[in-house]
Amino acid sequence: MNKKALAILMRARMRPNHLTNFALSPISNELNQILSNSHGNRSSENGEHHAMEHGKEKLNHQRSFEVVQESMHSVISMNKTEVGDSVLNEFLEGYCSLSFENRRKLLLTLAKEYDLNRAQVRELIKQYLGLQPPGDELTVAASFAVSGSEAQSGGVADEGFLSTFYRIERNLRHSLKPVYETLFERLNTHPEGLKFLTIIRADILSILTEGNIASLRALDSYLKEKLTTWLSPAALELHQITWDDPASLLEKIVFYEAVHPISNLIDLKRRLGVGRRCFGYFHSAIPREPLIFIEVALLKNIAETIQEVLWDNPPIAESEATCALFYSISSTQPGLAGINLGKFLIKRVITLVKIDMPHISVFATLSPIPGFMQWLLSKLASQSKLAKAEDISRSPADRSGLTFYENILEPEEERALIDSSGDLASGKSGMEIMLNLLTPTTHEWTNSDKLLSALKPPLMRLCARYLLQEKKRGKALDSVANFHLQNGAMVQRINWMADQSEKGLNQSAGIMVNYVYRPENIEEYAQSYFSKGHIHSSYDVKRYIQ
């Protein structure tokens, strides 16, 4: 193994799971506790001394929060010319030294005490509503009854009157900007500021998972808007990542790969070699680290299983390829969640591949369906529970009279499951048997040809229903489906046993889906999905639910 390969392997293995919070992780806290205890147990005589030291540490910890809070206030309140890198550095370093609980406290302070001045906003709105617009009916009617010289003097008066409107509108726009905007904009001027802002937003999102705090939600929304503006496509550089790139970059690809983990260096080298491409979006303020990257396989046809993409088949000659298959897209910054950089990345890659390889005419994905099993098991559990509560042991015709009861299995599917379940699962109905088969994480059903044959029709049909019909706020319930559909893709095909890894079986019973991007239809499909929630799909997928 050469030095580069060894460096990638070792750094990827040693890299902590969350870079920004490693110092705050339970492992780190445990380690600090062990070190503290080992020092404290050296001799019983030192017990009182260590108790005093602990008190001092606690006081210093509290004082450090106050220092960081004051540092934050300085960044916000100082004149623009006075805010140099030293002031910003002090806040950056101070914030990173805080415990997560103190970060939470600081961000809540920022959200509540540095919000906009609502009293000033109300006063300006009151002034604005008290003005009489110069273009109302009385003003227009009066203008017909005056002479030319009077009209000219009236025009001057109108201009003066309009200036009052412009002044109040300008003041209103300014007052509607929260004070913490100043902090974000000044941090963005710092060389490490953009990366730091993504860390702050990652902390905000983490806090919001504990509870929906309105002021913090508003802070997050504002910061997200700012980051979206600063990370516009014009500010991003597309780079093809190859084996010749520095080891520090390649180990980030290994670490951040979120869809199909890179198992070893051979796997990494294959994904960057012949018949494969990897592209990343980079920003000058976060050098040597992609914000998001996408992996592409050049194939003759749209792949049906991830096995054939990753391992089964040797790559074909690139000149023979007709399909560019996007099989993994990963974001590296938790703080950029909800900012759709992937949309621009896919479009740029399609354009680049079309230029470099005109013989490529099909652009598709082989995508996971992460929410399918969660939805299906919840559906099966609720219906089985309802059936038991209502003591349903009657015919399907009798059951259909219940308002909330829905047998999601067709009669022939139910019969096949009852006949095939054997000793692996029991139940009074096909849905109960299906629930008992799919719930265990051992996935024993995958070892039975009879069960695979019985489960395939209902799982494929229900998966099509989940992708095309199950929605939240008018959009696809599945997060990956929603991502591709809002980017202008269509649902082309669902594939049985396409990902037989433990993750694939847990997420979607091994089913994967091909989305297809047709360059000539991307904008049309994206617009119809955005405005009407319409999901474009092939006949092969639609027939499952017709």
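This is a predicted model: local features need pLDDT of at least 70, side-chain atom pairs count only at pLDDT 80 or more; totals for chains, interfaces and linings use all residues.

Q: Which strand does E4 join in the parallel sense?
A: E4 runs parallel to strand E5 (residues 362-365), to which 4 bridges join it. Within that pairing, Ala324 has Phe363 of E5 as its bridge partner.

Q: Why is E4 called largely enclosed?
A: A residue is buried under 20% relative accessible area, exposed over 50% and partly exposed in between, with a 1.4 Å probe and protein chains only. In E4 (residues 323-331), 7 of the 9 residues are buried, so the strand is largely enclosed by the rest of the structure. For the chain as a whole, 44% of the 546 residues count as buried.

Q: Why are E1 and E8 said to stand at the edges of the sheet?
A: The open sheet has 7 strands in the order E1-E2-E3-E4-E5-E9-E8, with mixed pairing. Strand E1 (236-240) and strand E8 (490-495) each have a single partner strand, so one side of each is left without a neighbour in the sheet. Neighbouring strands here are turned by 30° against each other on average, with direction ignored. E1 pairs with strand E2 (residues 276-283) in the antiparallel sense over 5 bridges, and Leu236 has His283 of E2 as its bridge partner.

Q: How do you know that H5 and H11 are roughly perpendicular?
A: Axes are lines fitted to C-alpha atoms, for helices over the stretch in contact, and angles run from 0 to 180 degrees between N-to-C directions. The axes of helix H5 (residues 100-113) and helix H11 (residues 214-230) come within 9 Å and cross at roughly 85°. Angles under 35 degrees count as roughly parallel, over 145 as roughly antiparallel, 65 to 115 as roughly perpendicular and the rest as oblique, and H5 and H11 are therefore roughly perpendicular to each other. Their contact (heavy atoms within 4.5 Å) is made by Leu107, Leu108, Leu110, Ala111 and Lys112 of H5 together with Ser215, Leu216 and Leu219 of H11.

Q: What makes a group of residues a nonpolar core, and which members of the largest one touch the most others?
A: Such a core is a set of buried Ala, Val, Leu, Ile, Met, Phe, Trp, Tyr and Cys residues joined through side-chain atoms within 4.5 Å. The largest holds 110 residues, of which Phe91, Leu110, Phe372, Leu376, Met434, Trp445 and Leu459 touch the most other members. Its largest share, 12 residues, comes from H20. Not counting residues up to four places away in sequence, Leu376 touches Ile408, Met434, Leu438, Leu459 and Leu462. Another core, of 16 residues, lies apart from it and has Ala297, Leu366, Ala498 and Val516 among its members.

Q: Why do Met497 and Ala509 count as buried?
A: Met497 has 11% relative accessibility and therefore counts as buried, and Ala509, with a relative accessible area of 0%, is buried too. Met497 is in the loop between E8 and helix H22 (502-508), and its phi is near 50°, a positive value in a residue other than glycine. Ala509 is in the loop between H22 and E9, with a positive phi of about 55° although it is not a glycine.

Q: Why is Pro178 called buried, and what is it in contact with?
A: At 5% relative accessibility, Pro178 counts as buried; its place is in the loop between helix H8 (148-175) and helix H9 (180-188). Leaving aside neighbours within four places in sequence, Pro178 is in contact with Tyr114, Asp115, Leu116 and Tyr222.

Note on methods
Residues are numbered from 1 along each chain as its sequence is written. Side-chain values use heavy atoms; hydrogens and water are left out. Helices (H or I, at least four residues) and strands (E, at least two) are DSSP runs, numbered from the N terminus. Two strands pair if DSSP finds at least two bridges between them.
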